[in-house]
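This report describes two parts of a protein model for a reader who is new to structural description. Please examine the sequence and the structure before reading on.

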Amino acid sequence: MEWLGLNILAELPPTGQILLNCRHNPFLVLLAYLVACAGSFAMLNMAERVSHVEKPSAQRQWRLLGAFCLAGGIWAMHFISMLAFETPLKTYYDLPITGASLLIMLVAALFTMNTLGQTELRAMQYLQASTCIGLGIAGMHYTGMSAMHSNAVQYYQTSLVLFSIVVAIVVSFAALLLARHFRNGGGMFHQLLKYIASLVMGAGIVSMHFTGMWALTLVVPIGSTLELPMTDNSLHLSLTIALITLLIIASSISAALADKKLQSKEHDLLRVNALLSQLDQARVSLQQVAHYDALTNLINRRGFNQIFAEKLAEQTHSKGMLAVMFLDIDHFKRINDSLGHDAGDELLQVIAGQIKNATRSHDDVVARFGGDEFCILISLNNRDEARQLAQRIMQKMKEPIALVGRRMVMTTSIGISVFPDDGTTCDELLKNADLALYQSKGNGRNSLNFFSSNLKTRATLELQLEEELRTALAEENGLELYYQPIFDLRNGEVAKLEALVRWQHPQHGLLSPDRFIGIAEANGLIAELDTWVLRRACQDLARLSHNGCEQLKITVNCSALNLCREELPGEIDHALRSAGVAPHRLELEVTENALMGNIDVTVALLKKIRALGVSLSIDDFGTGYSSLAYLKRLPLDTLKIDRSFIQDVPNSPQDMEIVQAIIVMAHTLRLQVVTEGVETVQQYALLEQQGCDFVQGYLLSRPVPLRDLRPILDQLNQRKSVSTVDFIQLYPGRDTDGSMLQDLFVDNPGYRASASVAQPVR
Ligand code: C2E
Ligand code: CA
Ligand code: CA
């Protein structure tokens, strides 16, 4: 069969001359191979591009470029190989047919690139595609062969032609697989594999060509003139074709590489952008966490400050009014200490809801600043609106709250500052609302107060007092101890002296502890202060002993904050030893509330103190929350009934009943009872009647300095033979208030002078 001048299924002619001395120029074969490799490499790169770019137009563009490179590479390989084929004949090439061969290759290459562009390829599709491409390559080869004109006739061995087609199909199959494989991945190793794959594919393409050439037999008519092959022309042409092809391929590859780099940069940029937006989201949620209180869902201090600054700027601009309210739940700590933190948290949630309900609109800002401290910000037209809101909250608060099986009624203290009257900055307004709150707490809680300028003066004064107290403590200058006798009703003698601290201030005169104990407690000075009192009291007791009061005991107050200091027993021991005083002559007064904290730790510490031989008394009894069960656990000796229970006696029979009950209860627990604040003879008489063990109060003596104590003690002890009841019977017409106490107990002028000094200074 003859096709385009090629005899494929034809027998060799009976006459003619077979050309045997044909050979291939090895340099040009190598060049052809390199071009094939370059074409393959380009195809792999373009295939990778096709699968990575997203825009369809870009995909089309890379497919086209890939097809040109592949077709150019294979076709150039084929053409150079043809030129490498040296025959002793004059050979020329038919340009249109050569062009047609290039076109066939281009179609096959386009088909290859299209196939590679598909997202999924099944085995069957691979096979079909590689068959088409293989046939295309073979078509290109044999068409190209038919463009070669000389006076020789080309005869092909059928089996080898078929084999060459199979090789073309196998090479195409391999090319498809490799191209698909190298679509993804990166790095040096991937690149190396791509080079190797290109070399293998190049070899495959070349081998297809040479299988085709192997099938060829050139037959020239007998007697044809044979010449020496013209290698020079072929060499020039080959080099030109190779150069052009390689240039095209190289520029396409660099375009692909540049695009890849650009895309990876774009991806990096996208990744960075995605990361940035993730970061942004994280920041937003962090901000949410940072600005909200997890327990109550109200905004927290930080969130509040932000809104406050915004609202303040708004109101400054529009010349409006704002109110800042500080709220503090009264005695919240007691709930936490006695019912536990879970109950405390539950209570805070309920209270947060109540406050929120009491506010007027969504415009009002309610925040929790931590602990039991809440803050409200409202816009208003006049101060009364703030007062009304505060009263509404206080009213709401009085609704009983069910908590761990109990019904609790809570109260709140509120402090209010108003913009622009009380300040123009957030800090100033918050500070002033806080001062007003402080005032409310000082007024016995459950009250509301607006800021006023004298509160500020007071705060400044307090700051100054703190500084001065620090100096007074450091220099042991200005602090003094006053002593108030505690009278034993059973034997009519002064049994103890309560040491009460005073501060002789250079400007403000003699200050009572109420003015500075709080400051000391709030500023970490209380331990130092109480230790000073303890040491001084022990020294004074030693001095009193030298002056004949060997039986007297001294009681010293101990701040609640000191009861968690492990050093306390050591300090007491040291104070006693250095003054040379027996431990049983010292009594420590601790308040009920001091015992409400960590009871186990406190009990352990109190036991250590008691083990030294020091007595313990519970001060201000009745004002706290302690129960009988609680008291039983404590290593106590004495119970001091608070002044408030005796104050209205005898006018309040109910109070007297309470006092009576406490005395009975204390005696049952084997505790001795001191009643504080006894000011009248009636109170004295009733307490004596009820079996109270000791009394303390202005009736007997105000607290006095050590130097004035002696005559008072003598007076009190001398009067032991006169019973009060006898006195009242003796002088039934006389006043029974404090005015006659001098007549009854102390009538020496020394006492009067000292009593006036001992007036609490405020
Ligand atoms: P307190 O321990 O309950 O002390 C009794 C307070 O009641 C004393 O006030 C005393 O002067 C006063 N008082 C005594 N009898 C009467 C009376 O018949 N009528 C009235 N109206 N008051 C009477 P003072 O000295 O002003 O002390 C106040 C509080 O300061 C004390 O209350 C105590 O809690 C604390 N305190 C005093 N000295 C110290 C101290 O050295 N350390 C500590 N941590 N606290 C101290
Ligand atoms: Ca006391
Ligand atoms: Ca007391």
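The following text treats a sheet with its packed helix, and then a pair of calcium sites.

The model is predicted: local features need pLDDT of at least 70, side-chain atom pairs count only at pLDDT 80 or more, and totals for chains, interfaces and linings use all residues. Residues are numbered from 1 along each chain as its sequence is written, chains are lettered from A and ligands numbered from 1 in the order in which they are written, and side-chain values use heavy atoms, with hydrogens and water left out.

**The sheet**

Helices (H or I, at least four residues) and strands (E, at least two) are DSSP runs, numbered from the N terminus. Two strands pair if DSSP finds at least two bridges between them. An open sheet with mixed pairing is formed by 5 strands, in the order 11-12-10-15-16. Strand 11 (365–370) and strand 16 (448–450) are at the edges and have a single partner strand each, so one side of each lacks a neighbour in the sheet. On average, neighbouring strands of this sheet are turned by 20° against each other, direction ignored; axes are lines fitted to C-alpha atoms, for helices over the stretch in contact, and angles run from 0 to 180 degrees between N-to-C directions.

Helix 8 (residues 301–318) packs on the sheet and touches strand 10 (321–329), strand 11, strand 12 and strand 15 (412–419), where contact means heavy atoms within 4.5 Å. The direction of helix 8 makes about 20° with that of strand 12. Strand 11 and strand 12 (residues 373–380) run antiparallel and are joined by 5 bridges. A367 stands opposite C375 in strand 12.

**The calcium sites**

Donors are N, O and S atoms within 2.8 Å of the metal (3.2 Å for Na, K and Ca); water is not among the atoms, so sites may look incomplete.

| Ion | Protein donors | Distance |
|---|---|---|
| Calcium ion (ligand 2) | E498 (OE), N557 (OD1), E589 (OE), D619 (OD) | 2.1 to 2.3 Å |
| Calcium ion (ligand 3) | D619 (OD), D620 (OD), E676 (OE), E676 (OE) | 2.2 to 2.4 Å |

Which residue coordinates both ions? D619 does, and the two ions are 3.9 Å apart. D619 lies in strand 22 (residues 615–621), whereas E676 lies in the loop between strand 24 (672–675) and helix 21 (681–690), 57 residues apart. Both D619 and E676 are buried; buried means under 20% relative accessible area, exposed over 50%, and partly exposed in between (1.4 Å probe, protein chains only). E498 counts as buried because its relative accessibility is 3%, whereas N557, at 23%, counts as partly exposed.
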